[in-house]
Amino acid sequence: MKREIKFRGKRLDTGEWIYSDESFVHTEAGVFIGPYNDEKQVDPDTVGQYTGLKDRNGKEIFEGDIINWLMHRTDRTGYIEEGYVEFRTDEQAVVVINMFATRDGRENVRNLLNCRNDLKVVGNIHDNPEWLKGGER
């Protein structure tokens with residue numbers, strides 16, 4: 001199976017998200033995304049790669065996205081889980097980090113492929129940094 005390689009990042013000059021199916025370039029002057037003849041400088045902390053998956057509405061899921069999904073209990077009731085997408089080399093996979101799944105606030109790490117039921121992108125950690133602090137969402 002061939003996966004599309006895409007990147008996104010937030011422009012430093014306008015704060016606008018830009019997407020490229022080519023690559024990003026890291027130089028001493030900064031990080032740039034886009035075709036080589038029209039590269040735009042982006043905040044390096046916002047650069048994320050496309051996971052190859054789409055949510056239930058057809059929206060592409062990138063690293064840094066906040067997603068939620070429906071979990072089913074054995075009694076056939078359900079509840080919503082929420083987390084953010086990150087690539088972890090120690091897991092060798094794109095994972096969802098759910099910091100609010102345990103009572104003591106520890107991270108609950110799941111392989112994104114195991115959370116594919118009803119995935120929905122609801123934001124990202126760059127536009128919604130309060131999410132990482134457990135604030136209003």
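## Close-up views of a predicted model

By the ring-pair rule, the count comes to two aromatic pairs. Under that rule, rings of Phe, Tyr and Trp (its six-membered ring) pair if their centres lie within 6.5 Å; planes under 30 degrees apart count as stacked, over 60 as edge-to-face and the rest as tilted. This is a predicted model: local features need pLDDT of at least 70, side-chain atom pairs count only at pLDDT 80 or more, and totals for chains, interfaces and linings use all residues. Residues are numbered from 1 along each chain as its sequence is written, and side-chain values use heavy atoms, with hydrogens and water left out.

**View 1. Ring pairs link Tyr 19, Tyr 50 and Phe 62 into a cluster.** The centres of the Tyr 19 and Phe 62 rings are 5.5 Å apart and their planes are at 65 degrees, so this pair is edge-to-face. Tyr 19 is in strand β2 and Phe 62 in strand β7, 43 residues apart. Strands (E, at least two residues) are DSSP runs, numbered from the N terminus. Which other ring pairs with Phe 62? The ring of Tyr 50 does: the centres are 5.6 Å apart and the planes at 45 degrees, so the pair is tilted. Tyr 50 lies in strand β6 (residues 48–54), 12 residues from Phe 62. Tyr 50 and Phe 62 are both buried, and Phe 62 has 2% relative accessibility. Tyr 19 is partly exposed, at 49%. Buried means under 20% relative accessible area, exposed over 50%, and partly exposed in between (1.4 Å probe, protein chains only).

**View 2. Two charged ends sit over rings.** A charge sits over a ring if NZ of Lys or CZ of Arg is within 6 Å of the ring centre and within 35 degrees of the ring normal. The charged end of Lys 6 is 5.5 Å from the centre of the Tyr 50 ring. For Arg 8 over Trp 17, the distance is 4.7 Å.

**View 3. Four strands form an open antiparallel sheet.** Their order is β2-β1-β6-β7. Two strands pair if DSSP finds at least two bridges between them. β2 (17–20) and β7 (60–62) stand at the edges with a single partner strand each, so one side of each has no neighbour in the sheet. β1 and β2 pair over four bridges. Arg 8 has Tyr 19 in β2 as its bridge partner.

**View 4. Strand β8 (residues 65–72) is largely enclosed by the rest of the structure.** Six of its eight residues are buried. Four bridges join β8 to β12, and the two run antiparallel. Seven bridges pair β8 with strand β9 (residues 78–88), also in the antiparallel sense. Where does Ile 67 meet these strands? Its bridge partner in β12 is Val 121, and in β9 Ile 67 stands opposite Gly 83.

**View 5. The whole structure holds five salt bridges.** A salt bridge is a side-chain nitrogen of Lys or Arg within 4 Å of a carboxyl oxygen of Asp or Glu. One of them joins Lys 10 and Asp 127 (2.4 Å, N to O). Lys 10 lies in strand β1 (residues 7–10) and Asp 127 in the segment after β12 (120–124), so the pair ties together parts that are 117 residues apart in sequence.

**View 6. Arg 11, Asp 13 and Glu 16 form one salt-bridge network.** Arg 11 meets Asp 13 at 2.6 Å and Glu 16 at 3.8 Å. Arg 11 is buried, at 16%. Asp 13 is exposed, at 57%, and Glu 16 is partly exposed, at 42%.
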